[in-house]
Amino acid sequence: MLTAIAIAVDGLGFAAWLFLSSVGLTLIYGVMRILNIAHGGFYALGAYASAWGIGLYMQTGNPVGFAFLIIPVMALIAGVVAGLAIERGVLRFMYGRDEVLMVLVTYAMFLILEDVTKLIWGTDSYVAWQPAYALGTIDIAGIPYTGYKFLIIGVAMLCGGLLYWGLTHTRVGKLLLVVIEDREVSMALGINVTKFFTITFLIGATLGALGGALTAPEISVVPGIGAEIIVMAFAVIVIGGMGSIPGAIIGALIVGFARAASVHIYPPAELFSIYLVMAAVLAVKPYGLFALAEGRKI
Amino acid sequence: MRKISRILMTTTAVATATICAAPVFADDVKVGVVTFLSGGAAGPFGVPARNAAELVIDAINKGDLPAPYNTAGLAGNTIAPVYVDENSKQKNADFQKLVEKDGVEMVVGYISSSSCKSIAPEAEKLKRLTILFDCGTPQIFEDIVTEPHYTFRTAATATMDNVAAARYLMDTGADAGRVAGINQNYAWGQDSWRDFSASLEQLAEATEVVTEQFPKVYAGQYGSEISALLTNRPEVVHSSFWGGDMEAFVIQGSARGLFERSKVVLTAGETAMFSLAKQIPEGTVIGARGPHGDLAPESDLNTWFRAAYKERFGSEPTYPSYKMAQALLGVKAAADKAGSSLQDDVIGALEGLEWEGPSGKVSMALAGGHQAIQDTAYGTFKLAEDGSASLVDVIRYDAGCVNPPAGVKSLNWIKSGFDGATCN
């Protein structure tokens with residue numbers, strides 16, 4: 001029973017982190033048909049900016065409460081600045097090109113972002129542990145969990161809810177769904193698709209940066225963290241169906257619970273379990289669980 | 001306009017080439033220095049090692065080192081370093097380039113056990129003197145290159161770290177009836193856990209492994225693993241985590257009370273003991289993969305190294321810096337002994353050599369004189385009265401106590417009950 005409870009809580013915590021780290025990737029793919037490898041770079045930028053900002057603030061000796069505000073602010077700055085630079089500076093000149101070419105272009109952007117983070121913050125590790133400790137621990141069946149972990153779960157649910165509400169209950173969201181459904185018809189209907197691309201890319205980049213910024217207090221922020229997340233995020237969105245927000249939620253939950261179960265029941269299969277689940281899903285649903293049906297175009 | 005831009009571009013190119021290229025003279029010895037300059041291991045390992053290489057190479061070239069290294073150069077020849085990033089998908093190709101294109105006389109480098117496993121056979125194939133300065137897996141000379149000629153390792157293996165960790169727990173009276181491990185899922189982590197758990201089996205009256213966790217390297221998130229450790233209630237948790245992974249484990253495990261519930265042993269914990277002084281709970285057992293850093297014995301060389309490193313880089317040298325210094329001083333000792341910096345002469349002198357490093361005596365005692373052993377030490381973490389990190393209850397172990405004798409594989413030696421160990 002204790003193991004089952006631990007799997008449930010650990011799985012949910014890991015899934016929340018995965019969702020926050022991958023939802024921007026699937027949003028950008030859904031709207032722009034770009035598998036954005038630079039997403040890992042946004043994650044790393046967000047993590048560094050957050051750890052750096054929290055570190056500076058904590059040196060002032062003020063209460064830790066304000067540090068929780070620094071996290072989204074830094075994510076917003078990192079996501080908007082880097083997203084704008086990449087979308088306006090590079091990607092807009094390449095819209096309509098082959099998807100494989102766009103993967104290579106965003107990979108190049110990822111490498112540049114990696115170097116930019118090193119130029120700004122160097123190669124030393126950054127630790128910003130204060131927010132992770134500030135909320136204390138909550139005991140569940142005798143196992144202590146940090147309050148911060150539940151904060152991440154809450155933020156993931158909030159982001160998922162806001163995205164769902166935004167897409168289904170706002171005019172911009174509904175237009176975005178039309179763009180996701182069919183880009184050419186959207187243009188024919190007079191929707192400014194290029195503007196939607198810019199907005200989508202900025203939201204996706206900021207979500208990526210938010211994933212990193214929220215993770216920063218729990219980890220040591222070191223060079224290379226962006227490369228690690230992109231592989232895991234890719235697994236999540238492939239399972240859920242590339243471009244699908246509900247797919248990202250379900251994909252994150254499946255991967256989160258599969259990994260937690262493996263760690264508690266059979267640890268050697270920890271990494272294997274994620275890709276086993278991915279292979280099993282793709283064997284039954286080759287385009288993922290929530291892939292959008294596409295009409296054949298002649 | 002076009003002419004002006006062409007002139008500007010040419011000027012920039014020439015200026016860049018001038019700035020980047022260090023002058024190499026005819027009797028310079030080109031030495032490839034390979035450490036992580038990017039990726040997760042750069043901050044805690046690669047850059048401190050590179051810093052130490054810069055410091056020690058400059059001092060060797062100028063003859064600024066304390067005795068017995070106070071003569072300039074390698075047998076009088078200046079070292080010209082060529083720095084290469086270990087964080088590469090094509091390590092063997094980078095090594096080949098160093099040997100065949102850059103024409104280095106020798107290579108000093110490699111932090112990761114994975115790197116060493118692929119480079120050691122390459123060094124033998126290309127017949128180039130290669131000194132592995134840090135990686136820990138005992139497999140290098142026990143399984144991969146069993147008759148080395150060109151490959152040396154100037155650092156002791158993970159066996160020493162883990163046998164000493166087990167002995168330290170016994171010597172400090174720790175309860176080790178229920179043991180768990182969390183180690184990275186590659187040669188270093190697996191070998192470390194194998195040697196530690198096997199050593200405890202020999203040393204403790206009764207010990208039971210309650211869980212073994214092997215997350216992938218650079219995973220960063222250990223929530224599930226920490227829950228598994230907490231639910232299994234081990235008395236001892238062993239971890240050979242290093243760098244960012246170790247720091248993340250300390251932050252997450254400490255926040256959830258793991259370090260209070262279990263005695264945690266961090267065999268590579270020294271690199272984080274200053275930066276995470278407030279997160280590492282008192283009582284945590286800390287190792288430095290040898291008697292490095294705060295565990296280094298006092299000597300003129302250690303005093304010089306610590307002061308010179310701090311003055312140049314603004315921080316205390318951690319164990320990767322010590323190990324790089326140890327390797328380069330071994331090369332100097334060998335070249336000076338041979339009176340030559342030519343490869344074959346240095347190889348001949350380095351086999352079985354003993355020399356003094358900033359961490360004390362190093363002996364190339366294993367693998368036909370190609371694998372180093374040295375004394376080691378462990379300590380228990382404690383915050384000093386001024387709030388700074390310190391190690392107390394430090395116990396030193398003689399090299400013969402925690403390293404296998406020549407010709408015996410590590411695991412066989414442990415399972416034999418440490419046959420022939422000087423402290424049995």
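Select Arg233(B) to start: it sits in the loop between helix H8 (223–232) and strand S8 (236–239) of chain B. Helices (H or I, at least four residues) and strands (E, at least two) are DSSP runs, numbered from the N terminus. Arg233(B) is not a glycine, yet its phi is positive, about 45°. It counts as partly exposed, because it has 13 C-beta neighbours inside 10 Å. The scale for burial: 20 or more other C-beta atoms within 10 Å of a residue's own make it buried, 12 or fewer make it exposed, and anything in between is partly exposed, with C-beta atoms placed from the backbone.

A word on the model and its labels. This is a predicted model, in which local features need pLDDT of at least 70 and side-chain atom pairs count only at pLDDT 80 or more, while totals for chains, interfaces and linings use all residues. Residues are numbered from 1 along each chain as its sequence is written, and chains are lettered from A and ligands numbered from 1 in the order in which they are written.

Next, select Arg289(B). Look in the loop between strand S10 (285–287) and helix H11 (300–313) of chain B. Is Arg289(B) buried or exposed? Arg289(B) is buried, since 28 other C-beta atoms lie within 10 Å.

Now go to Pro68(B), in the loop between H2 and strand S2 (79–85) of chain B. The peptide bond joining Ala67(B) and Pro68(B) is cis, with omega about 10°. Most residues other than glycine have a negative phi, and most peptide bonds are trans.

Colour chain B by domain. Domain 1 covers 24–157 + 297–374 and domain 2 covers 159–296 + 375–415; the bounds come from an automatic or database domain assignment. Their C-alpha centres lie 26 Å apart. Between them, 31 residues of domain 1 of chain B are in contact with 28 residues of domain 2 of chain B. Contact here requires C-beta atoms, placed from the backbone, within 7 Å. On the side of domain 1 of chain B that touches domain 2 of chain B, S12(B) gives the largest share, four residues. That side divides into 14 nonpolar, 13 polar and four charged residues. Ala, Val, Leu, Ile, Met, Phe, Trp, Tyr, Cys and Pro count as nonpolar, Asp, Glu, Lys and Arg as charged, and the others, Gly among them, as polar.

Show both chains. The contact takes 37 residues from chain A and 35 residues from chain B. On the side of chain A that touches chain B, H1(A) gives the most, with seven residues.

Then select the largest nonpolar core, 234 residues. A nonpolar core is a set of buried Ala, Val, Leu, Ile, Met, Phe, Trp, Tyr and Cys residues joined through C-beta atoms within 7 Å. H1(A) supplies the largest share of this core, 18 residues. Among the residues with the most contacts inside the core are Phe19(A), Val236(A) and Leu328(B). Centre on Leu328(B): apart from neighbours within four places in sequence, it is in contact with Ala53(B), Val56(B), Ile57(B), Ile60(B) and Val108(B).

Finish on helix H2 (residues 39–59) of chain A. Its 21 residues should span 30 Å at 1.5 Å a residue, and its end C-alpha atoms are 30 Å apart, which agrees. The expected span is 1.5 Å times one less than the number of residues. H2(A) is mostly covered, with 15 of its 21 residues buried. Gly61(A) follows H2(A), with a positive phi near 85°.

Definitions and conventions. Two residues are in contact if their C-beta atoms, placed from the backbone, lie within 7 Å.
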